[in-house]
Amino acid sequence: MEIIGIIAEYNPLHNGHIYHINKIKEKYPDSLIILALNGYFMERGEVSILSKYDKAYLSVLCGVDIVISIPTLFGVQSADTFAQTAVKLLNYLNVNKIIFGSESNNIELLTKIAKKSLENDKNEMISYYIKKGLNYPTALSKVINEKFDYNPNDLLGICYIKSILQNNYKIIPETILRTNNYLDIKSNDNIISALNIRNKIKENENISKYVPENVINKINLINNDLLFNLIKIQILNNDISNILDVDEDMVFLLQKNISKVNNLNDLINKLKSKKCTYNKINRMLIHILLNIKKNDVKTQLDYINIIGFNKKGKNYLNSIKKNINISTKINKESIIYKYELKSAIIYDMLTNKNELKKELENKPIIL
């Protein structure tokens, strides 16, 4: 039996994700699918419009056999850290394939770029180009002399492959062709991007065509005014110099501008530059919101949080439980757990949900 890993944020779960799951089942009908799922806050620094446990429920309902949580501490970091954590968690559960959506659908080329990227990670020219205002993909492309359209899924795929290679995991990466453009916010096809769906929600458009029926009533409205004010309080009242991704220049800019703006968009526009992209700023603001310290990111994974499974998934977990080289019980003394509780509290404030109760109960979704 193939044990297949997928890595996702489901913000929100939509027809493209169902296509992904169904394509895996079509190619590997006897497989077991394990999802590494990002929860309350996204890798690009956004607040999820679906709660973590609702995403777990919907995932199992739509054909995933086991759902494990990517801890918030790692899920809101760079693509490399996000990917490293997700792949490591899946490896603990003996996944032998990771299948991801890809714009290029060219696993050979993605693997070649991943290898070159690993060889050049410490290349000073990459840092030089980034300081000149190029983003990481463009800087990498210049250094490795490989022309390639670094689209979002392919970029993440390269990070997954790098993690597999770096750690000598016995995992085979495979791709499924992505059928839509992540940046497109106008298309009305049956399968569109999560960004497009979120944009349509903001425009009060009907999204029932693009998502499974059970998703609609679980979508949360985010209180962005409160989000801004919570971040503002942190900037005005705390030492933010030790927060992840906040350098000396950014401390100055944040303190200079925070009282001059009235919302997040205005703040981001004040901070944005060639060296600091929209995604990087968004991520940094979430680090400030959650008070993620630079030293905390050195924390090692000390447990897997299994948040959902079906009967097939339960049987598989029982069959490997003696061979899992990490605890499947939450460590309540762990920094990872403390950040998860903090994230749930803030998420509840922003959405009027009750995720903290679920975190404290720690009962997986069972279908």
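Visitor: What should I know about the model before I start?
Guide: It's predicted, so local features need pLDDT of at least 70 and side-chain atom pairs 80 or more, while totals for chains, interfaces and linings use all residues. Residues are numbered from 1 along each chain as its sequence is written, and side-chain values use heavy atoms, leaving out hydrogens and water.

Visitor: Okay, which peptide bond is cis?
Guide: The one from Asn11 to Pro12, with omega near 0°.

Visitor: And where does Pro12 sit?
Guide: In the loop between strand S1 (3-8) and helix H1 (15-27). Strands are DSSP runs of E, at least two residues, and helices are runs of H or I, at least four, numbered from the N terminus.

Visitor: What's phi doing at Tyr10?
Guide: Phi there is near 50°, positive in a residue other than glycine. Tyr10 is also in the loop between S1 and H1.

Visitor: Is Tyr10 buried or exposed?
Guide: Buried, at 2% relative accessible area (buried is under 20%, exposed over 50%, partly exposed in between, with a 1.4 Å probe and protein chains only).

Visitor: Switching topic: what lines the second largest cavity?
Guide: Ser69, Pro71, Leu89, Tyr303, Ile304, Asn305, Ile336 and Glu340. A cavity here is a set of points on a 1 Å grid over the protein atoms alone where a 1.4 Å probe fits but cannot get out, and lining residues have an atom within 4 Å of a point.

Visitor: Which residues are closest to the centre of the largest cavity?
Guide: Ile7, His14, His17, Asn153 and Arg178, out of 30 lining residues.

Note on methods: On a 1 Å grid over the protein atoms alone, a cavity is a set of points where a 1.4 Å probe fits but cannot get out, and a pocket is an open set with protein on both sides within 12 Å along at least five of seven lines; lining residues have an atom within 4 Å of a point.
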